[in-house]
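Visitor: I would like to learn how to read a model like this one. Please show it, and I will ask as we go.

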Amino acid sequence: MRVGVFGVAGRMGRALVEEARLAGHVVVGGTMNPATARERPADVAILDIGDLVPHVDAVLDFTHAGTVQNHAAAFAKGGPAWILGTTGLGAADEAPVERAAGHVAVLRAAHFGFGINLLAGIARRLGELLAAAEFDVDIVETHHRQKVDAPSGSALVLGMAIAEGRGVDPATAFDFGADRRHRARAADTIGFASLRSGQIVGEHEIVFTSQDEQIRLSHRVFDRRTFAKGAVKAAEKMVGRPPGLYSIDEVLGLDRPAAKRR
Ligand code: NAD
């Protein structure tokens with residue numbers, strides 16, 4: 001597989017180059033933000049989007065939410081699969097991503113690792129089982145101090161799963177706590193709290209609390225390679241697929257039992 005890496009100088013960009021090569025793929029080149037001070041990788045060609053996209057089978061894109069609309073336009077005439085891992089996207093980014101999916105295979109996921117996506121399925125079920133009238137629920141996440149979006153995309157994935165299980169609208173149920181300094185917790189909400197510290201790769205905890213008991217589910221990533229491996233696997237599965245929006249659950253085998261997963 002010939003791969004292009006958008007944002008190749010970033011933390012994820014560098015991990016993606018390594019994982020793609022370890023899996024035997026050719027990294028044709030990458031893009032980078034000319035304004036960044038971070039050193040460009042010596043062994044990857046830095047190309048313009050237009051010179052890279054037509055020459056690869058898949059693009060791995062872990063950059064910044066501000067790039068998404070521009071990146072989506074690069075797939076408007078067809079081309080490689082777009083593996084989109086960037087988080088913090090706004091409402092205005094949804095339509096361009098969907099338009100791109102009319103022309104190429106798009107796999108967009110806020111988390112490419114196995115554990116959080118598995119946890120999302122469990123969270124959905126707990127949302128069904130634990131009534132909001134009885135159980136408050138909160139998602140607490142911690143990431144490295146350089147992260148620019150909060151709450152994390154993975155926390156939002158978990159929150160969406162709980163909202164789906166509870167049959168509530170995230171637009172009204174999500175409580176990001178920005179104004180909570182002078183008010184009590186509202187009923188029937190899904191609370192979020194974000195910490196930004198040191199170089200923590202990613203920690204998430206879902207906490208369901210009733211009057212009498214508490215259930216905690218937690219997940220910790222030790223190495224961002226887990227995301228890079230998932231993204232490379234996603235690219236392998238998307239190459240040759242017809243245009244459309246695909247699901248990370250299928251890539252990770254979470255849509256089938258362990259014995260049939262691979
Ligand atoms: P980072 O800041 O280390 O890297 C981002 C890189 O993108 C930087 O080098 C930046 O200069 C570059 N960039 C910005 N604008 C660009 C442009 N126009 N063209 C090319 N490059 C550009 O951040 P990171 O930790 O590597 O994370 C990158 C993104 O991936 C974030 O949105 C993060 O939340 C997300 N992320 C997703 C997953 C997942 O599994 N989906 C996992 C980890 C990180």
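Visitor: Which strands does H8 lie across?

Guide: Keep in mind that the model is predicted. H8 lies across S3, S4, S5 and S11, and its direction is at about 155° to S4. Helix H4 (residues 91-100) lies across S4, S5 and S11, at about 140° to S5.

Visitor: In what order do the strands of the sheet come?

Guide: The order is S2-S1-S3-S4-S5-S11, an open sheet of 6 strands with parallel pairing. Strand S2 (26-30) and strand S11 (244-246) are at the edges; each has a single partner strand, so one side of each lacks a neighbour in the sheet. From one strand to the next, the twist averages 25°.

Visitor: How many bridges join S1 to S2?

Guide: There are 4, and the two strands run parallel. Val-5 has Gly-30 in S2 as its bridge partner.

Visitor: Which residues of the largest nonpolar core touch the most other members?

Guide: Val-5, Leu-16, Leu-60, Ile-83, Leu-107 and Phe-112 do, in a core of 31 residues. Elements giving two or more residues to this core include strand S1 (2-6), helix H1 (11-22) and helix H8 (225-238). H8 gives the most, with 7 residues. A second, separate core has 20 residues, among them Leu-130 and Phe-174.

Visitor: Is His-111 buried or exposed?

Guide: Buried means under 20% relative accessible area. His-111 has 4% relative accessibility, so it counts as buried. His-111 sits in the loop between S5 and helix H5 (114-129).

Visitor: With which side chain does the side chain of His-111 make a polar contact?

Guide: With that of Ser-154, at 2.8 Å. Beyond its neighbours within four places in sequence, His-111 is also in contact with residues including His-219, Phe-227 and Ile-248.

How values were computed: Residues numbered from 1 in each chain as written. Predicted model: local features only at pLDDT ≥ 70, side-chain atom pairs only at ≥ 80, totals over all residues. Heavy atoms only, no water. Core = buried A, V, L, I, M, F, W, Y, C linked by side-chain atoms within 4.5 Å. Buried < 20%, exposed > 50% of the residue type's maximum accessible area, 1.4 Å probe, protein only. Polar contact = N/O pair within 3.5 Å; in protein donor to acceptor, adjacent residues only side chain to side chain. Contact = heavy atoms within 4.5 Å. Pairing = 2+ DSSP bridges. Axes fitted to C-alpha atoms, helices over the stretch in contact; angles between N-to-C directions.
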